[in-house]
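Subject: Structure handover

Hello,

I am passing on the structure we spoke about. Please look it over alongside the notes below.

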Amino acid sequence: MKLSDGFNARRLRPRRQGSWRWRFAAALAALLAGFGVLLAMAGAATLLGRPPALGPLNDSTGAAIVLLLFGLLFLWVGVLGWRLSRRRSRRRNDLNMSPHLMKKRD
């Protein structure tokens, strides 16, 4: 089939709405992941015996373990949320492709 010079298939498809919601969700997820990294680093520093990490909580090993676990949990949830929101923001409304068929860059 020969296409004419003035044909543009993108004009035939409906315009998408802005994806600012998914960008906002990706930013919040990235902040949550960053907070998780900071908590995990503070908990690991306390477990390793570095005193300036948490101040008065340095004597408590249980608090350091809880901080480390919460930090890793926040990091995991943040990364999953970031990946989900990036995948949703890049998905087209007109093509219903399976997520595993998309490019692996995200």
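This is a predicted model: local features need pLDDT of at least 70, side-chain atom pairs count only at pLDDT 80 or more; totals for chains, interfaces and linings use all residues.

Residues are numbered from 1 along each chain as its sequence is written, and side-chain values use heavy atoms, with hydrogens and water left out.

Overall

The protein has two helices and zero strands. Helices (H or I, at least four residues) and strands (E, at least two) are DSSP runs, numbered from the N terminus. Of the 106 residues, 16% are buried; buried means under 20% relative accessible area, exposed over 50%, and partly exposed in between (1.4 Å probe, protein chains only). The accessible surface is about 8,800 Å², and carbon and sulfur atoms hold 63% of that surface. Areas come from the Shrake-Rupley method with a 1.4 Å probe, and for residues only the protein chains shown count as cover. Taking contacts (heavy atoms within 4.5 Å) between residues at least 6 apart in sequence, 64% join residues at least 24 apart.

Helices

Helix 2 covers residues 61-90. Its 30 residues should span 44 Å at 1.5 Å a residue, and the end C-alpha atoms are 44 Å apart, which agrees; the expected span is 1.5 Å times one less than the number of residues. A64, L67, G71, G78, S85 and S89 are buried in helix 2, and helix 1 is included in what covers the buried residues there.

Helix 1 runs over residues 20-48 and contains A45, which counts as buried because its relative accessibility is 19%. A45 and A64 are 19 residues apart along the chain, with 8.4 Å between their C-alpha atoms. L31, also in helix 1, counts as exposed because its relative accessibility is 61%. From L31 to F74 the C-alpha distance is 9.7 Å, across 43 residues of sequence.

Annotation and surface

An unreviewed UniProt entry annotates residues 60-82 as "transmembrane region". UniProt positions are in the numbering used here, feature names are shortened, and annotations may be inferred rather than shown by experiment. That stretch is 96% helix and 0% strand, with end C-alpha atoms 33 Å apart.

V66, F70, L73, W76, V77 and L80 form a nonpolar surface patch with about 560 Å² of accessible area together. F70, in helix 2, is partly exposed because its relative accessibility is 44%.

Regards

Conventions:
Patches are made of residues with over 30% relative accessible area and no salt bridge: like charges are joined within 9 Å, nonpolar side chains (Val, Leu, Ile, Met, Phe, Trp, Tyr) within 5 Å. A salt bridge is a side-chain nitrogen of Lys or Arg within 4 Å of a carboxyl oxygen of Asp or Glu.
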